Amino acid sequence: MKFVNIKEGKAEIFIPKAKRIYDAPVFYNPAMTLNRDLSVLVLRVLNPKTVLDALSATGIRGIRYALETNAEEIWLNDINPDAFKLIIRNLKINFGEELTLNDKMARVKGEKEILATNKDANLLMAEKFRYFDFVDLDPFGSPMEFLDSTLRSVKRKGVLAVTATDTAPLCGAHPKACLRKYNSKPLRGELCHESGLRILIGAIVRYAVKYDLGINVLFAYYKDHYFRAFLQLKDGAKEGDKSLKNMGYVYFEPKTGRFEIERNFLPSREGAFGPLWLGPLKEQKFIEKMIEKAEKAELPQKNKLLKFLSIIKDELNIPFFYDFHALARRNSLEVRKLSDVCSILQEKGHKSSRTHFSPTAIKTDAPFEIVLETLKLL
Ligand code: SAM
């Protein structure tokens, strides 16, 4: 295996040399730097002490958490023996040679304690019951096979960070896979990315409530063909009940683009998509704190990240949106400027905002008929 040396944030690591990232024996995706930058910021806001990067690959994520946040004990793990060897090599570059190694565990003991293991993540998380303040799941594809052990390994008031790159099932291109993995019927069309994210969160909620845990969404987003959710666990059966009240379904009319949501355990009529999460996708104060931290931070993708967080900050915290290109197509209308439509809706007393899910869409509390009427007026 040949390696190249790269820098990301404060970390310097070796990655395997390969023509395509998926051919490499150990995985590193430079396109996920923003995902890692955002995660570093989340950790800076939350200040967890014990952190697990359960699916570490090169170790970049855990190493950045150790170098760039206040975390005190950081665990890195990967089942792939080549990844484990590379993690050790990368730990040595970043934290010196004072690394002890026995069988399947490496340990760096300096100002911080850093541990690396070469185990099945489910096994490791089962062994470390209610141990971590923060668990990061960054799998190939779906996180579902790791979810139960993650919910046991994280403390009852801890935080879960979950990536899902299986957008084809979640966004309805492979509906059978979505039914199998997430027990949910996915939606196609312009709302598919938001409904995909809500299906992912909804599945996690349904796993969590059986442990008498509720979920508070600190920040969840879609970007560059992946989903990411930072979820704070809330301890207690009542918290679980509260989270379930935010579960439900969406109905979608392909002819017009009208959608309707229903908070209910079962759908009241035919044609429902879901179940999915209908609660907030962010905590406003949390996003503001992330922006505050980002403004002062040195991060590889700082400008891109600040732009993205500013859209998230201003985005209405309500389910779904109207995409003007799709609405125009579905209703044989001309495409109008988002800002013109927003001004008219605001004059009519309705809130509206852009959404990170689509550059050609708005979120609004105005009913569908008013949005359509406004498009026709312009
Ligand atoms: N978190 C990394 C980053 O930010 O660069 C990327 C992780 S990569 C997408 C997923 C990793 O999960 C792979 O390195 C793979 O070997 C590892 N993996 C897959 N199944 C596993 C399991 N059951 N237990 C532990 N690691 C596993």
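Predicted model: local features only at pLDDT ≥ 70, side-chain atom pairs only at ≥ 80, totals over all residues.
View 1. Residue numbers start from 1 along each chain as its sequence is written. S15 and S17 (residues 358-364) pair in the antiparallel sense, with two bridges between them; strands here are DSSP runs (E, at least two residues) and helices are runs of H or I with at least four, both numbered from the N terminus. Two strands pair if DSSP finds at least two bridges between them.

**View 2. Nine strands line up in an open sheet with mixed pairing.** Reading across, the order is S5-S6-S7-S4-S3-S8-S9-S11-S10. Strand S5 (99-102) and strand S10 (213-223) sit at the edges, each pairing on one side only. From one strand to the next, the twist averages 15 degrees; axes are lines fitted to C-alpha atoms, for helices over the stretch in contact, and angles run from 0 to 180 degrees between N-to-C directions.

**View 3. Strand S3 (residues 50-53) runs parallel to S8 and also to strand S4 (residues 73-77).** On the S8 side there are three bridges, with Asp53 standing opposite Asp136. On the S4 side there are four bridges, and Leu52 has Trp75 as its bridge partner there.

**View 4. Strand S8 (residues 132-137) is mostly covered.** Six of its six residues are buried, where buried takes 20 or more other C-beta atoms within 10 Å of a residue's own, exposed takes 12 or fewer, and partly exposed is in between, with C-beta atoms placed from the backbone. S8 is joined to strand S9 (residues 154-164) by five bridges in the parallel sense, and Val135 finds its bridge partner in Leu160 of S9. Together, S8, helix H5 (residues 144-153) and S9 form a right-handed β-α-β unit; right-handed is the call if, with the strands pointing away from the viewer, the path from the first strand over the helix to the second runs clockwise.

**View 5. Helix H1 (residues 33-46) lies across S8, S9, S10 and strand S11 (226-235).** Against S9, H1 runs at about 165 degrees. Contact here takes two residues with C-beta atoms, placed from the backbone, within 7 Å.

View 6. Most residues other than glycine have a negative phi, and most peptide bonds are trans.
- The Gly274 to Pro275 peptide bond is cis, with omega near 10 degrees, and Pro275 sits in strand S14 (residues 272-277).
- Asn183 is not a glycine, yet its phi is positive, near 50 degrees. Asn183 is in the loop between helix H7 (175-182) and helix H8 (192-209), and with 14 other C-beta atoms within 10 Å Asn183 is partly exposed.
- Asp224 also has a positive phi, about 40 degrees, without being a glycine. The loop between S10 and S11 holds Asp224, which is exposed, with 11 other C-beta atoms within 10 Å.
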